[in-house]
Amino acid sequence: MLLCKKIKVMKLRNGQRWNLERAKKSLRESKAFDPDLRFVYGKLLAEVYFRLDKAMQGLFRRLEAGEKAGFPRVKPRHQFFTLCYPAMYLEVQGNTLILPTGGGGNWGPKRYPNIVAHLTEDPPEHFHEVAVSRDARGNYYCSFVYDDAEQGNQDSEYKPRKKQKKRKQREIRHDGIVAFDLGIKMLATGVNDQGRFYHIGGFKGYRWHNKQLDKIRSKRDRCKKKSRRYIHLSKVYKRVSERKRNKQRDCLHKASHLIAHQLAERAVVIGDLSQRQMVIKKKGEEPPKERNKRRIRNRMVYNDWGLYGFVQMLTYKCLHYGKALYKIDERDTTKMCHVCKRKQDMPLWKRMYRCENSNCGLVMDRDENSAVNIYQRFVAGPPPHTQL
Ligand SMILES: [Zn+2]
């Protein structure tokens, strides 16, 4: 794990600017670069970045105050160093503490099982964070960070502390279920157990922004490299693409917040994206029009869509607000009629589902039909759905 931190710090020593957001983003790249990282629990990796951020801020503060700089230090990767787990992700049963490991899900099979630690004392009731450390003799210690005032003012049953928000959360219906179809045109279309539909639109400005960006880039590429105009246009390009990214991310945050925080249903069900075939592959010779279509679509998926990020935000936010998020197989949910179960082809341009079965004749928005299918599949029970 430390390798990436080490590389990071080395780069910083060579004068690269520190930026926490960028560092967190590079975590995914680090995982691709070093597959071993996948078997480390993701929240721990994020924690390393947070600690590095604190260290860097400390460094800047010291530099500003004219003190001795004291550059952050790193340990080689084979050495153990203190790990911090946020309480939200830990399970305590009596005197045992379960520390999750990485892998599983989209990263493939887990290499290491979760670590079951036996504690010699009772842990405090409401803790924020657990730091795992080791002494020179090889004994491991768990340090619980907690608030004195919080202890014992609730029932004796252990509950991990959740941050209480000032804003009012809608009362949760514990038997409530809402199922969402996630898509390109409509970010999320949902239906709940009472038959109510939700529509959450996505970020609309892709085309406009992409057109602007392409225009700026082609202008720039006609200039002489390193010329004043070239540099100016590069700056404009960066600014516009940043604005686009921010707007999109903001939109995804709002949408996931809405689902996790505002909706009353406790169980949230979504289709499993890992099974979805989203990128169109090139098939032999293709006419220019087809090529163009494929390119636009794939650009959507790779750069603009952000559904993976959306699911991540949703995962985190559902956890935060005490909701259960389930992923289920979404095969044929768009193609199937939710009334008569007949399947028909549904190319992307068909926005309405018109059932070809004359006895049925269902006419419905395609995303709504798909959401109902996901809901019904979930309610129908097994195979066991992965809870996130
Ligand atoms: Zn039908």
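Along the chain, the donors of the zinc ion follow the spacing C-x2-C-x14-C-x4-C. Those protein donors are C337 (SG), C340 (SG), C355 (SG) and C360 (SG), and they lie 2.3 Å from the metal. To count as a donor, an N, O or S atom has to be within 2.8 Å of the metal (3.2 Å for Na, K and Ca); water is not among the atoms, so sites may look incomplete.

A quick word on the background: this is a predicted model, where local features need pLDDT of at least 70 and side-chain atom pairs count only at pLDDT 80 or more, while totals for chains, interfaces and linings use all residues. Residues are numbered from 1 along each chain as its sequence is written, and side-chain values use heavy atoms, with hydrogens and water left out.

**Around the zinc ion**

Helices (H or I, at least four residues) and strands (E, at least two) are DSSP runs here, numbered from the N terminus. K341 also lies in the loop between β11 and β12. Its phi is near 65°, a positive value in a residue other than glycine.

K226 has a positive phi too, near 70°, and is likewise a residue other than glycine. You'll find K226 in the loop between α4 (206–221) and α5 (228–262).

**Buried or exposed?**

Buried means under 20% relative accessible area, exposed over 50%, and partly exposed in between (1.4 Å probe, protein chains only). Here is how some residues come out:

| Residue | Relative accessible area | Class |
|---|---|---|
| C337 | 0% | buried |
| C360 | 24% | partly exposed |
| K226 | 71% | exposed |
| K341 | 42% | partly exposed |
| Q248 | 8% | buried |

Q248 has its place in helix α5. The C-alpha atoms of Q248 and G205 are separated by 8.5 Å, although these residues are 43 residues apart along the chain.

Now for some strands: 3 of them form an open sheet in the order β2-β3-β4, with antiparallel pairing. β2 (91–93) and β4 (115–118) stand at the edges with a single partner strand each, so one side of each is left without a neighbour in the sheet. From one strand to the next, the twist averages 25°; axes are lines fitted to C-alpha atoms, for helices over the stretch in contact, and angles run from 0 to 180 degrees between N-to-C directions.

Two strands pair if DSSP finds at least two bridges between them. β2 and β3 (residues 96–99) pair over 3 bridges. V92 has L97 in β3 as its bridge partner.

**One aromatic pair**

How many aromatic pairs does a search of the whole structure find? There is 1. Y326 and F378 form this tilted pair, 5.0 Å centre to centre with 50° between the planes. Rings of Phe, Tyr and Trp (its six-membered ring) pair if their centres lie within 6.5 Å; planes under 30 degrees apart count as stacked, over 60 as edge-to-face and the rest as tilted.

The pair links distant parts of the chain, with Y326 in strand β11 and F378 in helix α8 (residues 366–379), 52 residues apart. Both Y326 and F378 are buried.
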